[in-house]
Amino acid sequence: MIVAEHLGKRFDDFWAVSDFHLSVAAGEVVAVLGPNGAGKTTTVRMLASLLRPTRGRAVVAGFDTATQGLEVRRHVGVLTEQHGLYTRMPAYEYLEVFGKIYGLEGDLLARRIAHWMDYFGLWDFRTWRIGTYSKGMRQKLALARALLHEPPVLLLDEPTSAMDPESARLVREAIRGLRSQDRAILLCTHNLYEAEVLADRIAIMQAGRVVTTGTPQTLKDRWLGPPVFAVMLSRPVEHPLPAFPPAVEVVRAEGRTLEIRSPQWERDNAAVVAALVAAGYGVLQVAEVPRSLEQVYLKVMAHEQA
């Protein structure tokens with residue numbers, strides 16, 4: 001659905017995006033993370049055929065963004081951070097205008113508007129002027145606008161930016177509900193929790209280029225190493241520790257907690273527990289220490305700045 005190959009955009013002497021390469025398949029949600037100025041918004045505009053790339057190539061919904069811009073725009077739904085709602089218009093009329101721009105008419109347009117306004121909980125407020133809507137309602141209306149023509153590709157740029165927690169939760173639930181085997185979703189966000197709960201894969205950008213990609217679990221393994229397991233013991237740890245298998249690393253031994261890293265915990269688990277029991281420890285609990293996407297992100301940023 002989306003294939004970008006070494007996409008770049010230069011403004012005068014400044015490369016806003018220098019090397020963006022990524023693919024998003026139908027049925028997949030991919031999140032793009034990065035600091036301010038990393039090039040996320042410029043990338044979305046190139047993929048939506050609103051900006052022509054300086055170099056590289058992108059194909060969206062089967063159309064080249066540089067040479068088939070009109071077809072690309074017909075087949076994508078775009079939600080930008082500044083979504084340009086007409087605040088003096090009633091919400092229903094606003095969607096009617098955009099539906100007609102997309103070539104929808106009559107009963108089909110009315111059914112689409114009713115469906116998406118009902119889906120986002122806006123139907124009872126369809127006659128309200130958009131200026132009276134809350135920020136969360138406006139964001140959902142902008143999503144409804146992006147979905148009126150049922151596009152196979154969604155490009156979402158900071159969909160929950162500056163929203164209160166409740167509104168952000170509602171929008172995240174809406175995005176989760178938009179998953180479809182026939183739809184590809186690219187989500188640009190600063191919200192690491194949002195990326196982790198919504199995305200199948202994550203790409204991290206820095207200084208206009210993609211520096212790492214993978215599933216959340218793959219990124220954790222790549223950047224944080226093998227998982228760490230906390231072993232709760234019946235009595236405080238004493239040194240020297242029992243002899244563990246060669247691949248086992250003791251990360252921390254404090255109080256009654258022993259933290260252990262192993263690249264093959266399924267293999268080493270029994271040997272570690274047996275060694276502790278033989279040394280007179282009772283093993284009360286073994287649990288993996290949670291690893292967050294925030295840890296990955298900070299590790300990647302530190303690596304890039306080194």
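User: How many bridges join β11 to β14?

Analyst: Quick heads-up: this is a predicted model. The two strands β11 and β14 run antiparallel, and V231 stands opposite V286 in β14. As for the bridges joining β11 to β14, the count is five.

User: Which strands are the edge strands of the open sheet?

Analyst: Four strands make up this open sheet, and their pairing is antiparallel. Going across, the order reads β12-β13-β11-β14. An edge strand here pairs on one side only, which picks out β12 (249–254) and β14.

User: What angle does the direction of α9 make with that of β14?

Analyst: Neighbouring strands of the sheet are turned by 20° against each other on average, ignoring direction. Helix α9 packs on that sheet and touches β11, β13 and β14. Its direction and that of β14 make an angle of about 155°.

User: Within what arc do the buried residues of α9 fall, seen down its axis?

Analyst: The buried set in α9 is W265, D268, V272, A275 and L276, and these residues pack against β11 (228–233), β13 (257–261) and β14 (283–288). On the other side of α9, E266, A270 and A278 are exposed. In an α-helix, residues three or four places apart point the same way, because there are 3.6 residues a turn. Seen down the axis, the buried residues of α9 line one face of the helix, so the arc is 95°.

User: How far does α9 reach from its first C-alpha to its last?

Analyst: Helix α9 covers residues 265–278, which is 14 residues. At 1.5 Å a residue, 20 Å is expected, and the model comes close to that. The reach is 19 Å.

Key. Residues are numbered from 1 along each chain as its sequence is written. This is a predicted model: local features need pLDDT of at least 70, side-chain atom pairs count only at pLDDT 80 or more; totals for chains, interfaces and linings use all residues. Side-chain values use heavy atoms; hydrogens and water are left out. The expected span of a helix is 1.5 Å times one less than its number of residues. Buried means under 20% relative accessible area, exposed over 50%, partly exposed in between (1.4 Å probe, protein chains only). The arc is that of the directions from the helix axis to the C-beta atoms. Contact means heavy atoms within 4.5 Å. Two strands pair if DSSP finds at least two bridges between them. Axes are lines fitted to C-alpha atoms, for helices over the stretch in contact, and angles run from 0 to 180 degrees between N-to-C directions.
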